[in-house]
Amino acid sequence: QVQVVESGGGLVQVGGSLRLSCAASGTIFYDMGWYRQVPGKQRELVAGISVGGRTNYADPVKGRFTISRDNAKNTVYLQMNSLKPEDTGVYYCNAWRYGSYGTRLDYWGQGTQVTVSS
């Protein structure tokens, strides 16, 4: 059974820090990433990381967030520093791998709430 489980969200003051963790099980994934969703809006990519360690960040979080992964543990992390109110949202972990005949299989966690108070 493939599972993707996030943890680490919570309530933090402006300028504070949080570290999100995403533990995957059941398979080895290629790219993994963190998405954020605000009510009434679609999910947007915050940060992504490939199996080889290449990273990509949304412009608003560059210099403040760091994504990393431990392939041996099949876990991805998002270290969030200098948090701002606009960082508030539900953060979802996404992971994908190739299926049969070159298909792509996506898996999503249940989400973890991050609230930055101003």
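## Exercises on a predicted model

At 37% relative accessibility, Trp108 counts as partly exposed. The model is predicted, and the exercises below start from this residue.

**Exercise 1.** Determine which geometry the aromatic pair of Tyr35 and Trp108 has.

*Solution.* 
1. The ring centres of Tyr35 and Trp108 are 5.1 Å apart, and the planes make an angle of 65°.
2. Planes over 60 degrees apart count as edge-to-face, and the Tyr35–Trp108 pair is edge-to-face.

**Exercise 2.** Find which rings Arg43 lies over.

*Solution.* 
1. The charged end of Arg43 is placed over the ring of Trp108, at 4.8 Å from its centre.
2. Arg43 also lies over the face of Tyr92, 3.5 Å from the ring centre.

**Exercise 3.** Classify the pair of Trp96 and Tyr98, then state whether each residue is buried or partly exposed.

*Solution.* 
1. The centres of the Trp96 and Tyr98 rings are 5.0 Å apart and the planes stand at 90°, so the pair is edge-to-face.
2. Trp96 has a relative accessible area of 9%. The limit for buried is under 20%, so Trp96 is buried.
3. Tyr98, at 44%, is partly exposed.
4. Together with Tyr30, Trp96 and Tyr98 make up one aromatic cluster.

**Exercise 4.** Describe the open sheet of four strands and the pairing of β3 with β8.

*Solution.* 
1. The strand order is β1-β3-β8-β7, and the pairing is antiparallel.
2. β1 (3–7) and β7 (65–70) are the edge strands, each pairing on one side only.
3. From one strand to the next, the twist averages 15°.
4. β3 (residues 18–25) and β8 (residues 75–80) are joined by six bridges. Ser21 has Tyr77 in β8 as its bridge partner.

**Exercise 5.** Identify the residues with the most contacts inside the largest nonpolar core, and the element that gives the largest share.

*Solution.* 
1. The core has 25 residues, and Trp34, Leu78, Met80 and Tyr91 have the most contacts inside it.
2. Elements giving two or more residues include β4 (32–37), β5 (44–49) and β9 (89–98).
3. β3 supplies the largest share, four residues.
4. Leu78 touches, among others, Leu20, Trp34, Val46, Ile67 and Tyr91.

Conventions: Residues are numbered from 1 along each chain as its sequence is written. This is a predicted model: local features need pLDDT of at least 70, side-chain atom pairs count only at pLDDT 80 or more; totals for chains, interfaces and linings use all residues. Side-chain values use heavy atoms; hydrogens and water are left out. Two strands pair if DSSP finds at least two bridges between them. Axes are lines fitted to C-alpha atoms, for helices over the stretch in contact, and angles run from 0 to 180 degrees between N-to-C directions. A nonpolar core is a set of buried Ala, Val, Leu, Ile, Met, Phe, Trp, Tyr and Cys residues joined through side-chain atoms within 4.5 Å. Buried means under 20% relative accessible area, exposed over 50%, partly exposed in between (1.4 Å probe, protein chains only). Contact means heavy atoms within 4.5 Å. Rings of Phe, Tyr and Trp (its six-membered ring) pair if their centres lie within 6.5 Å; planes under 30 degrees apart count as stacked, over 60 as edge-to-face and the rest as tilted. A charge sits over a ring if NZ of Lys or CZ of Arg is within 6 Å of the ring centre and within 35 degrees of the ring normal. Lists of a residue's contacts leave out its neighbours within four places in sequence.
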